[in-house]
Amino acid sequence: MTSYQPRLTKNFFQELCSGKTNGREPILQVMNCRYTANEKDIRLRLNDGTYTYASILIPGDYARNINIIELEKRKSIIKILEYIVNKIDREGYEKVLITIKKFSILNHNCDKVIGKPIPFVYKIIPVDETQSKEGKQSNQIKNVFDTELPNIVSRSVASVMNGAQTKNDEITLIKDIHSFCENWKIIGKVTSKSDIVKFDENCLFKFVITDNEGSSIQLISFGALALKFYKTIILNNSYFVKGKKKNISRKTNKYNPTDHDYEIKITSDVVIKEMEKEVELPKEIYSKFNRLLLSEVQTVKEAIVDIVVIVIDIDPIANYINNSSKKKKRIMTVTDESNIIMEIFFWDNFSDVFDDSCKGKVVQFQRLRKTTFRGVKRLTFCYGTQYIMNPEIQITEKLLKLLDKKPNVSEEFLNNLFDEVKTLYFIDSLQSRGFLADGQEFTFFGKIINIRKVYALSCPSIDCRNDIIKKKKDLYFCNKCDKEYKDYVYKFKISLLINDGTKKKTILINNNIGEVLFEKTLEELITMDKENNQEYLDLINNICNNYYIFKVKTNIHECQELNNYFCCYFLQKIQPNFINNSFLHNIVNMIENT
């Protein structure tokens, strides 16, 4: 016998914000609930069968003796008997806060989500200046599902055409923007642009404008204005912006990448117009610049770094799929006078900042983010990063001469590694004596003897990606999921036979390290294997008999199928001219004699 399941009050949140509920006592389902920062009030996300809404509060006096874990876990259904509705007005958006004073539980144990609800959000409709104050209050907010994107209020400014200005309309320098500016106008180029950041039922968008003196300021918008400007503001385009004193506020250091003390909050009466004439930026970065060599980047603790490098190569834009999300990705390979080679990653809307024309040019980067992925240090172009192509600084000419030397692994880089290098015999001896544990890292130098495997079939589940077995015709089985699938996906699973002069050993290489080894994506390798097998075999043969530096990490659990116990997370090919190094020369002789 099925338990009684009350019918939810559909479209309640939409009707509430439109003033059409008339004191109705809605029946809603609990999706999530948690304590607020004061650990007394309870914040809820409720479901009306059509939408979910999270700006709902049960204050401390009424929250006593409520088991929030049971409410959320069992997806309980409640009836709200008494509640208060308040409108919270913030610059750029308005939200409705529902405070529950009394409710009853109709069904303790629903266990499943009713309907297919989507988050309920607002959009701000610009207010016409001819409306009265009463009219502004009643027409300021409108539901996202009832309207198209609003057109931002825009007035023509006769004095600003093609970058020209008159005495009646003086342009404010960005460095002079402060909280006492009654009316201000700025002109500049968009040097950084964020993605849409979502929170609760709202969203925000930020971008940075830099003027011809090199000063920068952040502009931030919320709600529908954020959605509008995210589409219309184009990186590296020039804009005229006009606003008032109320739009200027003190910056939040944590989220503001500029050196300015203030930021601009965009409201519906702010004028933003694209300029026909491009704003010329200075050939040097105006704000504080602390350059690091790439060799220093690998060792410093700072997460944000400034560098000057020369571009060796840049990959075409590729699609990257991870945890059901799809992103655009581009990788730039750079070096400097320290002869260290590093990669700079460009994601999504930053992927088209550079193209093939940047090869062989010097670039000055400020505020790159340093990250570590599987032990490999890399840099990411992020919101707030600034750059100048071929900057007029002394080091530029020196870097341009580096390409003639075809830089690879430097002597300094090798010398720094020698203290870390271990032999495969030494690592095996640790294993045989039981001294090897998961997570230990080793560096060794060796020669690739054979490539036994390149890719494998894997489970199509995003949370799994385990090897999959063909059970019978058109049916595949995953041991980890204990489930049968009709389809599969490919993954890198490279098995290399390595000789370091003391022992031959098989190691595994996965994911992005496979792209480094083959200099091709997995999709390109699979296509080559199926369409031109000889070209595929030639590629593998060309990699064999080359010398590499390998950095590996023990992973006994995942590697036990190959009677192995470590995976490679970093490799670097050694060019023949470095084999003359006395240390490497001795290892090469050992390898060639085994």
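**Helix, strands and loops**

Mentor: The exposed residues N541 and N542 sit on the face of α12 that is turned away from its buried side, where exposed means over 50% relative accessible area, buried under 20% and partly exposed in between, with a 1.4 Å probe and protein chains only. This is a predicted model in which local features need pLDDT of at least 70 and side-chain atom pairs count only at pLDDT 80 or more, while totals for chains, interfaces and linings use all residues. Residues are numbered from 1 along each chain as its sequence is written, and side-chain values use heavy atoms, with hydrogens and water left out.

Trainee: Within what arc do the buried residues of α12 fall, seen down its axis?
Mentor: Helix α12 covers residues 533–543, and its buried residues are Y536, L539, I540 and I543; helices here are DSSP runs of H or I with at least four residues, strands are runs of E with at least two, and both are numbered from the N terminus. The buried residues line one face of the helix, because the directions from the helix axis to their C-beta atoms fall within an arc of 95°.

Trainee: Which residue is the bridge partner of K242 in β16?
Mentor: Strand β13, residues 238–244, is mostly covered, with five of its seven residues buried. Two strands pair if DSSP finds at least two bridges between them, and β13 is joined by seven bridges to the antiparallel strand β9 and by four bridges to β16, also antiparallel. In β16, the partner of K242 is V271.

Trainee: What is the phi of N236, and is this residue buried or partly exposed?
Mentor: Most residues other than glycine have a negative phi. N236, in the loop between α5 and β13, has instead a positive phi near 75°. With a relative accessibility of 29%, N236 counts as partly exposed.

Trainee: How does D482 count by its relative accessibility, buried or exposed?
Mentor: D482 belongs to the loop between β26 and β27, and its phi is positive, about 55°, although it is not a glycine. Its relative accessibility is 60%, so D482 counts as exposed.

Trainee: How far apart in space are M332 and T380, C-alpha to C-alpha?
Mentor: M332 lies in strand β19 and counts as buried, at 0% relative accessibility. Leaving aside neighbours within four places in sequence, M332 has contacts (heavy atoms within 4.5 Å) with residues including V311, F346 and F365. M332 and T380 are 48 residues apart in sequence, and their C-alpha distance is 9.9 Å.
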